[in-house]
Amino acid sequence: QVQLVESGGGLVQTGGSLRLSCAASGDTFSRYAPGWFRQAPGKERELVAAVSWPGPNTYADSVKGRFTISRDNAKNAIYLQMNSLKPEDTAVYYCAARVRYGSPWLYWGQGTQVTVSS
């Protein structure tokens, strides 16, 4: 099993940037395929970005070119760099992990709030 803890959320103006971090513990994070989800009020949780191997990482169309997912296996962590933020990016962001690309998402963090003001 792996435990996930997100950090880095906050309040930012439109056009600003934030970098979310997700620290993993309990198991070697490099064994898992991680990703980031978000859930806005009144909306379903959606996949924002996922580490894929082999092949390029995947992104929701709404964040392509603005968000970048990355991982640091030495630190047991993944990151989500968010640039050119828009009010519609406002949501709770969750880190998640699965055993392999395409398998069900098994592990979730508690979420971190991102609010983008107009």
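Tyr 32 counts as buried, since its relative accessibility of 10% falls under the 20% limit. The structure discussed here is a predicted model. Tyr 107 is likewise classed as buried, with a relative accessible area of 18%.

**Aromatic pairs**

A pair of aromatic rings is described by the distance of the centres and the angle of the planes. The count of aromatic pairs comes to three. Two of them are listed here with their geometry.

| Pair | Centre to centre | Angle between planes | Class |
|---|---|---|---|
| Tyr 32 and Tyr 107 | 5.7 Å | 90 degrees | edge-to-face |
| Phe 37 and Trp 105 | 5.1 Å | 85 degrees | edge-to-face |

Tyr 32 belongs to the loop between strand E3 (18–25) and strand E4 (33–39), whereas Tyr 107 is in strand E10 (residues 105–108); the pair therefore ties together parts that are 75 residues apart in sequence. Because the planes of Phe 37 and Trp 105 stand at 85 degrees, this pair is edge-to-face. Phe 37 in strand E4 and Trp 105 in strand E10 are 68 residues apart, and their pair links distant parts of the chain. Phe 37 is buried, its relative accessible area being 9%. Ring pairs also join Phe 37, Trp 105 and Trp 108 into a cluster.

**A charge over the rings**

Which residue places its charged end over the ring of Trp 108? Arg 45 does so, at 4.7 Å from the ring centre. Arg 45 also lies over the face of Tyr 94, at 3.9 Å from the centre of that ring.

Key: Residues numbered from 1 in each chain as written. Predicted model: local features only at pLDDT ≥ 70, side-chain atom pairs only at ≥ 80, totals over all residues. Heavy atoms only, no water. Phe/Tyr/Trp six-rings, centres within 6.5 Å; stacked < 30°, edge-to-face > 60°. Helix = DSSP H or I, 4+ residues; strand = E, 2+ residues; numbered from the N terminus. Buried < 20%, exposed > 50% of the residue type's maximum accessible area, 1.4 Å probe, protein only. Lys NZ or Arg CZ within 6 Å of the ring centre and 35° of its normal.
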